[in-house]
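User: Could you walk me through this one? I'm new to it and would like to start simply.

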Amino acid sequence: MKTKTIISNILARKEGEGGITSVYFVACGGSLAAMYPAKYLLESESKTLKVGYYTSNEFVYATPKACGKNSLVICCTKGGTAETIKACQKARELGAATVAVVGFEENPMVKEADEYIVFGGTAQMSKNNLALVLMMAFELLYQIEDYDKYEDAVAAYEKIESVNARGREYFAPRAKKFAMEYKDEPVIYVMGGGPTDGMAYAFEICSLIETQWMHAVKINTGEYFHGPFETTDKNLAIVLLMNDGRTRPVDERVMNFIEKYAERYSIIDAKDMGVNLFPDSVSEFFNPIAIYPALSQIVAELAIIRQHDKTVRRYMWNHVEY
């Protein structure tokens with residue numbers, strides 16, 4: 001497994017300098033969201049590592065002073081986002097170890113990093129950027145702290161494709177229904193939390209806003225009752241992503257409220273999507289992987305029904321200066 005080799009190489013390189021004591025995840029948009037589960041895992045399970053999570057330009061212009069020779073900076077961009085390449089360069093200037101997570105071998109960020117890995121699309125979920133960066137986090141825990149759930153994590157990766165296939169089959173008819181019901185919404189609230197907070201953000205900012213030009217708002221389930229719930233009524237469209245694990249009571253509190261006061265809501269539950277097929281000791285961290293097939297099918301159906309292809313952009317890729 002290349003993730004194992006990448007982390008062992010980084011740790012060997014830094015062994016004489018005090019090792020790795022901090023990890024920073026740096027990217028933009030969906031690439032940043034894809035690394036959220038790894039951030040959540042390390043913050044939850046690591047006893048020694050400081051964790052940072054930055055959008056690329058913020059890392060460049062407001063670089064954390066703690067980032068240096070004992071840091072690992074993991075940068076992700078599918079096609080070579082300029083801001084992320086600059087962030088990788090900045091990390092190297094500071095003496096940090098760097099890993100480039102890229103969509104193809106010729107990505108220019110490969111030349112800026114100590115190590116790199118190429119990720120695939122969602123056809124093979126275990127090889128996409130979310131899964132690969134999450135495995136790097138498990139490797140860091142194991143190789144630095146002898147993480148006692150590591151073997152369960154490895155076993156979980158053997159189940160990803162079967163869980164993915166099961167989830168797609170289960171959700172396919174529901175995705176078409178969702179697209180029909182939500183295709184003309186003026187705004188959609190997307191709610192998630194815990195390990196799936198990043199997935200909610202990616203669905204809002206990439207799937208709905210970017211590819212479908214639909215207005216959407218992402219709300220953390222833990223923050224819903226601290227302002228946003230005041231806008232809830234029987235007309236508001238809501239999508240709730242439900243985790244299974246320690247933060248499920250937070251999501252359930254939202255579910256109980258919207259079932260009482262809202263009418264136009266959809267609940268995508270990781271339990272229904274097969275998260276419980278992963279080993280119990282680590283299944284919490286695989287909630288986003290279980291839920292992903294539902295969200296990818298929804299945006300595919302929206303694109304068909306709304307006759308708005310996912311590749312259509314108004315500004316991006318269109319030689320517009322921004």
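Predicted model: local features only at pLDDT ≥ 70, side-chain atom pairs only at ≥ 80, totals over all residues.

User: OK, in what order do the four strands of the open sheet come?

Analyst: The order is β7-β6-β8-β9, with parallel pairing; strands (E, at least two residues) and helices (H or I, at least four) are DSSP runs numbered from the N terminus, and two strands pair if DSSP finds at least two bridges between them.

User: And which are the edge strands?

Analyst: They are β7 (216-220) and β9 (265-269), each of which pairs on one side only.

User: How many bridges join β6 to β7?

Analyst: Five bridges join β7 to strand β6, residues 188-192, and among the partners are G192 and N220.

User: Switching topic, how many salt bridges are there?

Analyst: The whole structure has 16, where a salt bridge is a side-chain nitrogen of Lys or Arg within 4 Å of a carboxyl oxygen of Asp or Glu. One of them joins E181 to K177, with the closest N and O atoms 3.9 Å apart.

User: Where do those two sit relative to each other?

Analyst: Both are in helix α8 (residues 160-182), and because they are four residues apart, about one helical turn separates them.

Notes:
Residues numbered from 1 in each chain as written. Heavy atoms only, no water.
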